[in-house]
Amino acid sequence: MRATTHPVPTTRAALVLGATGLALTGSLAGVAPGAHAEDPGAGSTTHEVGRVLECTGSWLRRPVIATVYENRGLLNEVVVQVGDGPREVSAAVTRERRFVRDGRVRARLDLDGRTARLSGTVARNGQRSTVHEEYDDAGEHVVVDGVHRGLDTDLALVWRGRGTSLDCTGFAYDLQVTRTPA
């Protein structure tokens with residue numbers, strides 16, 4: 001199934017990007033040009049490029065949630081959850097190498113003792129949209145400037161010998177993130 005998406009992130013995708021990516025930028029970011037690390041008023045600026053895919057589906061009538069998050073140079077992560085409540089199983093895999101290469105998604109996870117495979121295609125779609133956000137987070141003022149671009153996706157999950165197609169939304173991003181003490 002082909003899903004056409006728009007460059008507006010979903011709430012969950014935005015939380016993944018904000019919680020995972022921006023949390024890491026604080027610990028991995030370099031010092032902004034012209035600033036000194038020992039200067040308490042100095043900020044940090046990072047250039048972040050990657051993709052966020054958020055997928056849902058149903059595997060044997062159990063809900064599926066899968067998220068692919070890539071931030072080149074910082075973190076690449078895939079999270080898969082099958083079921084909810086007492087029958088819920090989930091797994092995550094984090095690595096330096098990207099999961100999306102040449103328009104193909106390939107990820108393997110150990111899900112409840114069995115290998116789960118998330119695979120399919122991703123292609124850029126539509127116009128780029130400008131992003132500008134300012135907010136305070138953990139005692140820092142964060143300014144995000146850049147672009148998002150929608151993605152077309154066609155992904156599937158195979159686990160325990162059975163597969164299911166997934167409905168996904170996603171976007172690629174190219175952002176300049178500046179953090180300064182609030």
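Trainee: Where is the place of Arg162?
Mentor: In this predicted model, Arg162 belongs to strand E10.

Trainee: Is Arg162 buried, exposed or partly exposed?
Mentor: Arg162 is partly exposed, since its relative accessible area is 47%.

Trainee: Which residues is Arg162 in contact with, leaving aside its neighbours within four places in sequence?
Mentor: With those neighbours left aside, Arg162 is in contact with Trp59, Leu60 and Leu157.

Trainee: What is phi of Leu60 near?
Mentor: Phi of Leu60 is near 50 degrees, which is a positive value in a residue other than glycine. Arg61 also has a positive phi, about 65 degrees, although Arg61 is not a glycine. The place of Arg61 is likewise in the loop between E2 and E3.

Trainee: Is Arg61 buried or exposed?
Mentor: Arg61 is exposed, given its relative accessible area of 81%.

Trainee: Stepping back, how many helices and strands are there in the protein?
Mentor: The protein has one helix and 10 strands. Read from the N terminus on, the elements run β-α-β-β-β-β-β-β-β-β-β.

Trainee: What share of the residues counts as buried?
Mentor: Of the 182 residues of the protein, 42% count as buried. The protein exposes about 9800 Å², and carbon and sulfur atoms supply 48% of that area.

Trainee: For contacts with a separation of 6 or more, what share comes from residues 24 or more positions apart?
Mentor: Residues 24 or more positions apart account for 58% of those contacts in the protein.

Trainee: New topic. How many disulfides does a search of the whole structure find?
Mentor: The search finds one disulfide. The disulfide joins Cys55 to Cys168, with an S to S distance of 2.1 Å.

Trainee: Which parts does the pair of Cys55 and Cys168 tie together?
Mentor: Cys55 lies in strand E2 (residues 44-59) and Cys168 in strand E10 (residues 162-181), so the pair ties together parts that are 113 residues apart in sequence.

Trainee: Is the link of Cys55 and Cys168 right-handed or left-handed?
Mentor: The link of Cys55 and Cys168 is right-handed, with 105 degrees about the S-S bond.

Trainee: Are Cys55 and Cys168 buried or exposed?
Mentor: Both Cys55 and Cys168 are buried.

Trainee: On to pockets. How much space lies in the largest pocket?
Mentor: The largest pocket holds about 320 Å³ of space. Its lining consists of 17 residues, and those that lie nearest the centre of the pocket are Gly50, Arg51, Arg124, Arg149 and Ala172.

Trainee: Which elements give two or more residues to the lining of the largest pocket?
Mentor: Those elements are E2, strand E8 (114-137), strand E9 (140-159) and E10.

Trainee: How do the residues of that lining divide into nonpolar, polar and charged?
Mentor: The lining of the largest pocket divides into eight nonpolar, three polar and six charged residues.

Trainee: Staying with strand E9, is Leu151 buried or exposed?
Mentor: Leu151, a residue of strand E9, is buried, with a relative accessible area of 2%. Leu151 and Val122 are 29 residues apart in sequence, while their C-alpha atoms are 6.4 Å apart in space.

Trainee: And Asn76: where is that residue found?
Mentor: Asn76 is found in strand E4 (residues 75-82). Asn76 is buried, with a relative accessible area of 2%.

Trainee: Which residues does Asn76 touch, not counting residues up to four places away in sequence?
Mentor: Among them are Tyr69, Glu70, Asn71, Val93, Thr94 and Phe99. The C-alpha atoms of Asn76 and Phe99 are 7.1 Å apart in space, and the two residues are 23 residues apart in sequence.

Trainee: Lastly, is Ser90 buried, exposed or partly exposed?
Mentor: Ser90, which lies in strand E5 (residues 89-95), is partly exposed at 46% relative accessibility. Leaving aside neighbours within four places in sequence, Ser90 is in contact with Val80, Gln81 and Leu111. The C-alpha atoms of Ser90 and Leu109, 19 residues apart along the chain, are separated by 9.4 Å.

Note on methods: Residues numbered from 1 in each chain as written. Predicted model: local features only at pLDDT ≥ 70, side-chain atom pairs only at ≥ 80, totals over all residues. Heavy atoms only, no water. Helix = DSSP H or I, 4+ residues; strand = E, 2+ residues; numbered from the N terminus. Buried < 20%, exposed > 50% of the residue type's maximum accessible area, 1.4 Å probe, protein only. Contact = heavy atoms within 4.5 Å. Areas by Shrake-Rupley, 256 points an atom, 1.4 Å probe, with all protein chains shown as cover. Disulfide = S-S within 2.5 Å. 1 Å grid on protein atoms, 1.4 Å probe; cavity = no way out; pocket = protein on both sides within 12 Å on 5 of 7 lines; lining within 4 Å. Points joined across faces, edges and corners; volume = space filled by probe spheres on them. Nonpolar A, V, L, I, M, F, W, Y, C, P; charged D, E, K, R; others polar.
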